[in-house]
Number of protein chains: 2
Amino acid sequence: MNWADGRVELVDQRQLPNRVKILKLKDHKGVAAAIKEMAVRGAPAIGVASAYGIVLGAKNLKDEKHLDEKFASIVEELSRTRPTAVNLFWAIARMKEIFEKHRHEGLRKLQQALLAEAHRIKQEGLEADKRLSRNGAKLIKEGDAILTHCNTGALATAEYGTALGIIKAAWQQGKRIKVLVAETRPLLQGLRLTAWELAQEGIPFEIIVDNAAGSLMQRGEVSRVIVGADRIAANGDVANKIGTYSLAVLAHHHKIPFYVAAPTSTIDPSLKDGSGISIEEREPKEVTHIQGIKLAPRGAKARNPAFDITPRFLITAIITERGIFRPARAIGKLA
Amino acid sequence: MNWADGRVELVDQRQLPNRVKILKLKDHKGVAAAIKEMAVRGAPAIGVASAYGIVLGAKNLKDEKHLDEKFASIVEELSRTRPTAVNLFWAIARMKEIFEKHRHEGLRKLQQALLAEAHRIKQEGLEADKRLSRNGAKLIKEGDAILTHCNTGALATAEYGTALGIIKAAWQQGKRIKVLVAETRPLLQGLRLTAWELAQEGIPFEIIVDNAAGSLMQRGEVSRVIVGADRIAANGDVANKIGTYSLAVLAHHHKIPFYVAAPTSTIDPSLKDGSGISIEEREPKEVTHIQGIKLAPRGAKARNPAFDITPRFLITAIITERGIFRPARAIGKLA
């Protein structure tokens, strides 16, 4: 994701890997739509995108008339896109602070301050990813077969990655590893995006249907599981892509380490535990249709919860840029 | 599946639910291809299909020259289609017995005897399904939300169903139930076939991605799980569609009853336990492509085990036409 010529440029992740199309967004409504429709996705990435969305919204203001109301409406529109990942709200809160601080300095200065903050959010995210990836890489052993879910790489973050960042860092350290990519229905972020990123890095991988994870664990073919997070409660419970909870139960049953990797911006200190996390329910069509083709019978109903909650007791450790928290409840120190 | 005008007629399940296309097969090679390419699938159904395949093979013989060799070659071709479901080998063994018994009575009589046996296999299968469905329906309670996997209905069997037969029987008894249909990647037999059969019966259902099963169990939205079987070892271990094992572990973790429904023809008394069951590994393309559309990046590798093994200790009971075996190891009485 880049800021260029007063626009936000990002790869349309819905079209990957078959087509690499760059969206050039020029207003905050475009950014909101891109987040909502998942052209850009991944908790840290939508945090950065929402910050740039606010920059665009402010940039397009002609004057300071009704500034507070207009800014509130921009923020409101970006807040209403997706409910689960806290990074979105965290980034928006940072942008609101900047607004409060600079709102009386004139539109030009305010716009500059907002842009600087969005750049900082992105840069800090990138640095956090790199640090947490180095931290996590210590847990990876030569010869590991690492199962990961959804996409937590450059596409999903501020351009390095969390769970996938750890995998990349371990690979760059020369550890011979293999990645098992859970395809991650309904939107196939594993099959489409993680596989694409791993192929570009030259890291060996095999795609599996989500269904096959348990059987491979049973056969001893999975050394550890690493996933990202959309929101972490103060007690260490984790909201992440639907299917994460199943993998955590399966890893627990097979005594396989289960790691969550996330920057500390993913922690929501306001939530005592995972029960307070709002779970987005998306359109049934994402389940009943694949790439626009209807596969279910006419009129079939489908449930489509986009996330699930993994209780802390199933998590071996949470890996952040500020260290490894083992057991997961130790994250409470930061909350 | 019907025998009509000297042909085997069956619905091409690869095209459901968008198109109901009837295949009319006139030789054993056509039947073998239909089994291998999964135009017909489901352990009991491929047993019946292979029996009719042998009938077609024998019917197309012009004379009794090299009868043994020719019959052996027909049997061989049908045996090599799919390795996991034992019903295929069980039905073929029955047809071979008929061949041995009638091979000296002239081609015409042999052909008639083989056809009569194939009809018997189908009819016995249908009766077994109905009995096991009545047995299993006793375990279903008013208001149950029943999670099922893959397709175990009329399409998969001798026209009534096993796990789905139980659901139908309970519904016909007036129990208000709801079915949660796991879509069953890679070939989506749940999303495409089970949903289609349930819609025709008017039984309320919701499709979920396989990924969502654990989360729904965690939320208390699943009362019990019922699946079919492709092969049951003498100790009660069960081979079934990939993903079954994950569901069994998840059900165990949440203390939700996990039932396997199968006719006794699915028991393989020659196998001490599940470790001896051959697991079919199918083409990676079934994972990387959906409905012919490539979704994974170029050159991506995929694993595609079609089945997994659920150890008996995760199975609450095995439901057959000869009664309910609880715990699963009690099936040993029949083996």
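In this predicted model, the contact between the two chains draws 55 residues from chain B and 55 residues from chain A. On the chain B side, B:Asn211, B:Leu295 and B:Arg303 give up the most area to chain A, together 18% of what that side buries. Taken as a pair, chain B and chain A bury about 4500 Å², with 61% of that on carbon and sulfur atoms.

Polar links also turn up here. The rule picks out six salt bridges across the interface of chain B and chain A, and 25 residue pairs in polar contact, both partners at pLDDT 80 or more. B:Arg185 pairs with A:Glu183 in a salt bridge, where the closest N and O atoms sit 2.5 Å apart.

As for which pieces of chain B do the touching, several elements each supply at least two residues to the side facing chain A, among them helix H7 (189–201), S6, helix H8 (213–218) and strand S14 (307–310). H9(B) gives the most, with five residues. Sorted by class, that side of chain B has 30 nonpolar, 13 polar and twelve charged residues.

B:Gln173, 35 residues away from B:Ile208 in sequence, lies 26 Å from it in space, C-alpha to C-alpha.

Definitions and conventions: Residues numbered from 1 in each chain as written. Chains lettered and ligands numbered in written order. Predicted model: local features only at pLDDT ≥ 70, side-chain atom pairs only at ≥ 80, totals over all residues. Heavy atoms only, no water. Contact = heavy atoms within 4.5 Å. Buried area = accessible area lost by both parts, 1.4 Å probe. Salt bridge = Lys/Arg side-chain N within 4 Å of Asp/Glu carboxyl O. Polar contact = N/O pair within 3.5 Å; in protein donor to acceptor, adjacent residues only side chain to side chain. Helix = DSSP H or I, 4+ residues; strand = E, 2+ residues; numbered from the N terminus. Nonpolar A, V, L, I, M, F, W, Y, C, P; charged D, E, K, R; others polar.
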